[in-house]
Amino acid sequence: MKYLKQIIDYLSNTRWIIFIIFVLFYSLYIKNQVVDSAIEYNANYNVWDIFFTFLSDPFFIIYFILPIWIVISIKLINDSWNENIFIRLSSYRRWLRYGLTQTFLYAIILQGLIIVIILGMSFGVPFSIEWSKYSSLDILSNMSYNLSETNTPVLYAIAQIIYLLFFLLDVYLILAVLFLFIPKYKVVYSLGVFIFIGIIISFKIFTNIPYLNIANYISVSYAYTWLFSYIYPIVTYITLMIILLLVGKLKK
């Protein structure tokens, strides 16, 4: 309850109101885009078309979610790096786990907030556990095209949520582990900028090298198209997380 109260207090400030307003307008834009395309091609559509067009969009994740998350991560590191917490936790390893627990809650609430807004903006849009006719259209704005060939939208929706969750947690861990060994805020801020620029380079430059393109790890649509698997990114995230936690244990 303590963590939840802290998160609610943090989310209630002006910056988060601006965030919510932006997501509201962006989700409305996505909804109108899907509806207009569906009408143009005379195809029925449902909630999943809006969900995947929004949450599987690497541009939205990289250029909007990522910089916000880097700022949140650095703030969490700053807030937890104090003597009282160290006395209570008694080890750097526990400090890392403590920070990861807090970060997990923030990541869940951040995603939950976005999903609630998507569903709210999708009010009146048909809901189904099956793919729509729109999802089978081979058009640029359709993020469900390849996904609709196999499995159900529910499975891929869960995979997308897991992708984004692990992506956010791993970004936090990279920053936290570096700060653990070099506790200087200039260094961690510089790393945050480096991560942001590096991910943009990965997205823009390595378009023909699937395993080096970040889009294939943050978007289930891209992953299934280029890696031919929605499991590989999850395994990669978990492996990276284990490595980072093991590196953190080296700090005595």
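Modeller: Start with helices: helices (H or I, at least four residues) are DSSP runs, numbered from the N terminus. Ser27 sits in one of them, helix H2 (residues 14-40). This is a predicted model, in which local features need pLDDT of at least 70, side-chain atom pairs count only at pLDDT 80 or more, and totals for chains, interfaces and linings use all residues. Residues are numbered from 1 along each chain as its sequence is written, and side-chain values use heavy atoms, with hydrogens and water left out.

Biologist: Why is Ser27 called buried?

Modeller: Buried means under 20% relative accessible area, exposed means over 50%, and partly exposed is in between (1.4 Å probe, protein chains only). Ser27 has 1% relative accessibility, so Ser27 counts as buried.

Biologist: Which residues does Ser27 touch, not counting residues up to four places away in sequence?

Modeller: Ser27 touches Phe54, Ile117 and Met121, where contact means heavy atoms within 4.5 Å.

Biologist: What about Ser73: buried or exposed?

Modeller: Ser73 is in helix H4. Its relative accessibility is 0%, so Ser73 counts as buried. Leaving aside neighbours within four places in sequence, Ser73 is in contact with Tyr172 and Leu175.

Biologist: What makes Thr101 partly exposed?

Modeller: Thr101 lies in helix H6. The relative accessible area of Thr101 is 40%, and therefore Thr101 is partly exposed.

Biologist: Why does Asn42 count as exposed?

Modeller: Asn42 is in the loop between H2 and H3. Asn42 has 63% relative accessibility, so Asn42 counts as exposed. Asn42 also has a positive phi, near 55°, in a residue other than glycine. Most residues other than glycine have a negative phi.

Biologist: Where is Phe228 found, and why is Phe228 called exposed?

Modeller: Phe228 is in the loop between H10 and helix H11 (232-248). Its relative accessible area is 67%, so Phe228 is exposed. Phe228 is not a glycine, yet its phi is positive, about 60°.

Biologist: How do you know that helix H3 (residues 47-55) is mostly covered?

Modeller: Nine of the nine residues of H3 are buried. Among them are Trp48, Asp49 and Phe52. The buried residues of H3 pack against H2, helix H4 (58-80), helix H6 (92-121), helix H7 (153-181) and helix H10 (220-227).

Biologist: Why is H3 called oblique to H6?

Modeller: Two packed helices are described by the angle between their axes and the distance between the axes. Axes are lines fitted to C-alpha atoms, for helices over the stretch in contact, and angles run from 0 to 180 degrees between N-to-C directions. H3 and H6 pack at about 140°, with their axes 10 Å apart. Angles under 35 degrees count as roughly parallel, over 145 as roughly antiparallel, 65 to 115 as roughly perpendicular and the rest as oblique. The angle falls in the rest, so H3 is oblique to H6.

Biologist: Which residues of H3 and H6 meet?

Modeller: Val47, Ile50, Phe51, Phe54 and Leu55 in H3 meet Gln111, Ile114, Ile115, Ile118 and Leu119 in H6.

Biologist: What makes a set of residues a nonpolar core?

Modeller: It is a set of buried Ala, Val, Leu, Ile, Met, Phe, Trp, Tyr and Cys residues joined through side-chain atoms within 4.5 Å. The largest here has 82 residues, and those with the most contacts inside it are Phe52, Phe60, Trp69, Phe167 and Leu175. H7 gives the most to this core, with 18 residues.

Conventions
Helix = DSSP H or I, 4+ residues; strand = E, 2+ residues; numbered from the N terminus.
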